[in-house]
Amino acid sequence: MCGIYSSLSTNKMLCSDFLISLKELEYRGYDSAGLVTLDKNKKYKSYKTLSKIDDLKLKISKEESSSLLIGHTRWATHGKPNIKNCHPHIIENLSIVHNGVVENYDDLKKNKIFKNVKFKTDTDTEMILLLIYNYCKSNSFINAVKKTIKLIKGSNAFVCSNIGKGINELAAYKNNTPLYFGIKNNGEKVFSSDVNAMSNSLKGYYYLDNNDIVHITNKNTALYNKKNKRIVLKKIVDSNFKRPKIVSSCYTYSEIKDQKKIISTYGKNIQKIYNVVRKIKKPNEINIIGCGSSYNAGLLAKAFLEKNSNIPTSVYRPSEFNFFLNNKNKLFIFISQSGETADICSLIESKKEFFSNSLSIVNNDDSRLVRESKYNINLNVGLERGVAATKTFSSQILVLNIISKILSKDNNNLVFPSSSVINKLFSYEKEIIKLSKKYSKFKNLFVLGRNYNFPIACEAALKIKEISYIHAEGAPSSEIKHGPIALFDNKFPVIFLVSNKKETIHSEISSLNEVISRTNNIFLIAPDTVVKKLEPKTLSKIDVIAVPDFQNDMAPILYLIILQLFSYHLAKSKKLNIDQPRNLAKVVTVE
Ligand code: F6R
């Protein structure tokens with residue numbers, strides 16, 4: 001979603017360096033981008049694009065530099081993605097970049113301040129700027145900002161600049177959507193909605209609390225809390241960031257490959273996870289809450305927790321959470337790779353008392369969700385930049401499986417797929433590429449799986465939809481006669497996941513045969529031993545990938561990796577933008 005990056009310094013900063021940081025926000029998802037600099041007459045000069053940050057690079061000379069730089073990547077929420085609506089917006093000495101939504105826009109627009117005012121854009125951001133502009137007529141800049149934030153409602157973060165005689169100043173405000181203030185080794189002061197974007201040469205940073213205002217000038221920094229009291233900025237966190245190594249030009253592919261190491265060495269995290277879980281009293285019931293892939297990880301966690309720890313578990317999307325249930329002896333597990341997803345954060349914040357026994361599983365220690373939950377486990381897999389969750393999803397599964405074992409006191413029995421097993425899966429890539437070319441021609445796909453493979457089927461369908469834009473549905477293979485079978489024909493291929501679970505293998509194979517009799521296009525993923533037992537006649541009618549036999553809770557990960565590679569190659573064969581699929585954002589900070 002939208003990203004802010006803005007910087008003020010006593011010295012001039014190269015715009016090209018600034019764009020490198022702004023580019024770090026690209027992975028969050030955006031549809032336009034812009035920045036303002038100061039020209040030699042100390043007037044704003046703005047650059048905008050409906051394309052990528054690299055396009056801004058082409059518009060700005062290599063030597064151009066400025067002591068004030070205000071940048072933004074916009075993911076349209078209020079007004080179409082076009083140049084007119086693209087940030088920063090400027091009125092005379094003021095300029096602004098904004099993330100979030102002014103929820104009371106319509107009501108505020110009736111305010112007498114806006115009588116006879118003609119809006120130049122369709123954005124709610126312009127309204128914030130107009131308010132500040134109006135209050136500046138009889139107040140200092142910072143007091144104008146303070147007056148403005150009293151009027152606006154919703155999850156919002158903005159950085160507003162004011163250029164004056166001999167003094168340039170920035171005021172930043174945030175409520176519910178992330179904003180960091182950082183100080184670089186060279187004294188440059190920055191605001192960013194993503195700590196990774198400012199990580200280069202960063203001395204320390206501060207995560208703004210809700211309703212904080214940070215006011216910086218060339219000389220001073222002041223922090224005001226929600227009671228409008230000036231407070232000491234003492235929570236500066238030392239920075240020790242390492243940029244993740246990229247092994248391919250595509251982040252998503254690189255992250256799928258990262259799993260080779262992550263999965264086989266995940267055991268190194270067990271002690272840390274144990275240290276958190278041992279503090280939690282064994283609950284009578286668990287509620288898991290997550291969105292998208294994190295919800296799918298929750299579905300698999302339910303199976304782990306019920307089987308291994310004997311604890312009844314329900315899984316919810318935050319918007320569907322049922323408050324009629326009580327919270328006695330319950331543990332609430334919130335899963336979110338970003339820790340900033342608005343739906344999930346607003347839920348936990350809406351009833352802090354109710355969710356007091358909460359554990360969050362997040363890939364970002366310094367996030368809104370971590371701050372709100374009692375216990376936290378970090379996925380510890382490094383930043384994931386591809387919009388589609390891959391390595392964060394598999395690590396969620398690993399963490400949740402470890403938790404289920406710790407709660408059952410059976411943590412001696414934790415076996416992760418070795419690197420040779422994982423490498424074997426990657427050795428099928430050529431075959432997967434061939435299959436993805438064939439299946440990329442279809443408009444619809446079913447992914448069917450039972451038990452542990454049902455959540456994997458849902459996750460694979462989500463991946464396929466997100467990055468290859470093929471409509472895909474995940475369903476339990478045991479359910480086909482209750483509906484899905486109506487759709488099977490030669491135009492509706494099926495990806496069928498068969499397990500090696502002896503209690504269900506016969507019925508899984510009989511469901512497979514039912515599918516084979518209705519469509520010619522079936523892609524089977526099954527363990528080696530199962531494939532070997534299939535009739536040659538059956539094998540001649542279907543596409544098959546045999547995964548290594550793996551007899552424990554981690555088996556679903558093998559299917560997952562094949563399906564992640566398959567989704568990636570589907571999208572690649574359609575020549576799509578895999579890292580930044582249309583309309584999607586990596587960090588969903590608006591509900
Ligand atoms: C799927 C995907 C999304 C996210 C969802 C939740 O590939 O990326 O469906 O899983 O938006 O995001 P987090 O986990 O950050 O709360």
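For my notes, a residue is near a molecule if one of its heavy atoms lies within 4 Å of it. A reminder to myself before going further: this is a predicted model.

**Entry 1: the ligand shell**

I started with the surroundings of the ligand and found 14 residues there. Ser294, Ser336, Ser338, Thr341 and Glu466 are the closest. Then I looked up which helices contribute to the shell: helix H8 (292–309) and helix H14 (453–468) each supply at least two residues.

With Gln337 I had to turn to the backbone, where an N or O atom lies 2.8 Å from a ligand oxygen. I then checked how well the ligand is covered: taken alone it exposes 410 Å², and the protein buries 91% of that.

**Entry 2: Asp579**

Next I moved on to Asp579, which I located in the segment after helix H18 (555–573). Is Asp579 buried or exposed? I found Asp579 buried, yet without a salt bridge. Arg385 is the nearest side chain of opposite charge, 8.9 Å away; a salt bridge would need a side-chain nitrogen of Lys or Arg within 4 Å of a carboxyl oxygen.

So what does the side chain of Asp579 reach? I traced it to the backbone nitrogen of Tyr251, at 2.9 Å. Leaving aside neighbours within four places in sequence, I listed the contacts of Asp579 as Ser249, Cys250, Tyr251, Thr252, Arg385, Gly386 and Val387.

Technical notes. Residues are numbered from 1 along each chain as its sequence is written. This is a predicted model: local features need pLDDT of at least 70, side-chain atom pairs count only at pLDDT 80 or more; totals for chains, interfaces and linings use all residues. Side-chain values use heavy atoms; hydrogens and water are left out. Helices (H or I, at least four residues) and strands (E, at least two) are DSSP runs, numbered from the N terminus. Buried means under 20% relative accessible area, exposed over 50%, partly exposed in between (1.4 Å probe, protein chains only). Lys and Arg count as positive and Asp and Glu as negative; His and the chain ends are not counted. A polar contact is a pair of N or O atoms within 3.5 Å; within protein, one must be able to donate a hydrogen and the other to accept it, and residues adjacent in sequence count only if both atoms are side-chain atoms. Contact means heavy atoms within 4.5 Å. Accessible areas come from the Shrake-Rupley method with a 1.4 Å probe; for residues, only the protein chains shown count as cover.
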